[in-house]
Amino acid sequence: MKRSDLVEFLWKKNKDLTYNEVEKIVRVTFAFMSENLKENNRIELRGFGIFEPRNKIAYLAHNPKTGEKINISSSSSVNFKLGKDLFKSLNQN
């Protein structure tokens, strides 16, 4: 699903809002989430899941083929863990 698909879906479910209003709500929501993740804040959406920033520290590695030492710089990523309700709905038999 793309962001435009989400906006279209929400707009069809909320005809009292204009398409532009729904698009703005989605844009502001994602901007809010992005800013919080940049500040290393965890985002918990009950029943859906948890978005948690992860920071990897820099370390020294080596190329196994040549034995050359390589500096691996620090990096950041986001980990997602399924919420209970979503996990149960995806794993129903």
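Student: Is Glu35 buried, partly exposed or exposed, and what is its relative accessibility?

Tutor: Keep in mind that this is a predicted model. Buried would need under 20% relative accessible area and exposed over 50%. Glu35 comes out at 42%, so it counts as partly exposed.

Student: Which residue does Glu35 form a salt bridge with?

Tutor: Side chains of opposite charge can pair when their charged atoms come close. For Glu35, the closest N and O atoms of the pair are 3.6 Å apart, and a salt bridge needs them within 4 Å.

Student: What separates Glu35 and Lys38 along helix α2?

Tutor: Helix α2 covers residues 19–38. Glu35 and Lys38 are three residues apart in that helix, so the separation is about one helical turn.

Student: Where does Glu23 sit, and is it buried or exposed?

Tutor: Glu23 belongs to helix α2, too. The cut-off for buried is under 20%. Because its relative accessibility is 18%, Glu23 counts as buried.

Student: Which residues are linked with Glu23 in a network of salt bridges?

Tutor: Start with the contacts: leaving aside neighbours within four places in sequence, Glu23 touches Arg3 and Val7. One of these, Arg3, is also in the salt-bridge network with Glu23. The residues linked with Glu23 there are Arg3 and Arg27.

Student: How far apart are the closest N and O atoms in the salt bridges of Glu44 with Arg42 and Arg46?

Tutor: Glu44 is partly exposed at 37%, and Arg42 is partly exposed as well, at 46%. Arg46, at 75%, counts as exposed. The closest N and O atoms are 3.1 Å apart for Glu44 and Arg42, and for Arg46 and Glu44 the figure is 2.9 Å.

Student: Where is Leu45, and is it buried, partly exposed or exposed?

Tutor: Leu45 lies in strand β1, which runs over residues 43–45. Its relative accessibility is 36%, so Leu45 counts as partly exposed.

Student: Which elements give two or more residues to the nonpolar patch?

Tutor: The patch on the surface is formed by Leu45, Phe48, Phe80, Leu82, Phe87 and Leu90, and together they have about 540 Å² of accessible area. The elements giving two or more residues are β5 (75–82) and α3 (84–90).

Conventions:
Residues are numbered from 1 along each chain as its sequence is written. This is a predicted model: local features need pLDDT of at least 70, side-chain atom pairs count only at pLDDT 80 or more; totals for chains, interfaces and linings use all residues. Side-chain values use heavy atoms; hydrogens and water are left out. Patches are made of residues with over 30% relative accessible area and no salt bridge: like charges are joined within 9 Å, nonpolar side chains (Val, Leu, Ile, Met, Phe, Trp, Tyr) within 5 Å. Accessible areas come from the Shrake-Rupley method with a 1.4 Å probe; for residues, only the protein chains shown count as cover. A salt bridge is a side-chain nitrogen of Lys or Arg within 4 Å of a carboxyl oxygen of Asp or Glu. Helices (H or I, at least four residues) and strands (E, at least two) are DSSP runs, numbered from the N terminus. Buried means under 20% relative accessible area, exposed over 50%, partly exposed in between (1.4 Å probe, protein chains only). Contact means heavy atoms within 4.5 Å.
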